[in-house]
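Hi,

Here is the structure I promised to pass on. Have a look at it first, and then read my notes below.

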Amino acid sequence: QVQLVESGGDSVQAGGSLRLSCAASYTDSRVCIAWFRQGPGKEREGVATMNIISGTTTYADSVKGRFTISRDNAKTTFYLQMNNLMPEDAAMYYCAARAPVYSWWTCGHLDHQYTYWGQGTQVTVSS
């Protein structure tokens, strides 16, 4: 069982930065954590993932070089640092988890692969 709570959503201007947080509780650390987003009229998109065991991260091409997923030392809070934000980054951002996973797995970017979801946090980007 994994519980997730996101925070940090805000309204920023294009070119600005924002850091989202995901507080996670779990009993078994064999977990993949992912950040998804869904903008108005768009499908949900997986933008960044992390395998907690190995630390391996992956990114969608749309955010590569601008977004960074990271975690604290206790592995209970996961962050999405978003730099050089663009209007098309505006969306509801969700933290998601799938478990159990293996250390050699690369976490997927498809929403049906994830079982646990947070409530979401809104990011607005004005041009």
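To start with the charges: which side chain meets Asp28 in a salt bridge? The partner is Arg30, at 2.8 Å from N to O. By salt bridge I mean a side-chain nitrogen of Lys or Arg within 4 Å of a carboxyl oxygen of Asp or Glu.

Before I go on, a word on the source: this is a predicted model, where local features need pLDDT of at least 70 and side-chain atom pairs count only at pLDDT 80 or more, while totals for chains, interfaces and linings use all residues. Residues are numbered from 1 along each chain as its sequence is written, and side-chain values use heavy atoms, with hydrogens and water left out.

Salt bridges

The count by that rule is six. For accessibility, buried means under 20% relative accessible area, exposed over 50% and partly exposed in between (1.4 Å probe, protein chains only). Asp28 is partly exposed at 31%, and Arg30 also counts as partly exposed, at 36%.

Arg37 and Glu45 form another salt bridge, at 2.9 Å from N to O. Arg37 is buried at 6% relative accessibility, whereas Glu45 is partly exposed at 27%. These two belong to a network of salt bridges that links Arg37, Glu45, Arg66 and Asp89.

Then there is Arg44 with Asp111, where the closest N and O atoms are 3.5 Å apart. This pair links distant parts of the chain, 67 residues apart: Arg44 sits in the loop between strand 4 and strand 5 (45-51), and Asp111 in the loop between strand 9 (91-98) and strand 10 (116-117). Strands here are DSSP runs (E, at least two residues), numbered from the N terminus. Arg44 is partly exposed at 31%, and so is Asp111 at 28%.

Aromatic rings

A search of the whole structure turns up five aromatic pairs. The rule takes rings of Phe, Tyr and Trp (its six-membered ring) with centres within 6.5 Å; planes under 30 degrees apart are stacked, over 60 edge-to-face and the rest tilted. Phe36 and Tyr114 have their ring centres 5.3 Å apart and their planes at 75 degrees, so they are edge-to-face. Because Phe36 lies in strand 4 and Tyr114 in the loop between strand 9 and strand 10, the pair ties together parts that are 78 residues apart in sequence. Both residues are buried, Phe36 with a relative accessible area of 1%. Ring pairs also link Phe36, Tyr94, Tyr114 and Trp117 into a cluster.

Tyr102 and Trp105 are edge-to-face too, at 5.4 Å centre to centre and 65 degrees between the planes. Tyr102 is partly exposed at 42%, and Trp105 at 29%.

Arg44 lies over Trp117, at 4.0 Å from the ring centre, and Arg98 over Tyr114, at 5.9 Å.

Four strands form an open antiparallel sheet in the order 1-3-8-7; strands pair if DSSP finds at least two bridges between them. Strand 1 (2-7) and strand 7 (67-71) are the edges, each with a single partner strand, so one side of each has no neighbour in the sheet. Strand 7 and strand 8 (residues 77-82) pair over five bridges, and Arg71 stands opposite Phe78 in strand 8.

Cheers

Terms used: Lys NZ or Arg CZ within 6 Å of the ring centre and 35° of its normal.
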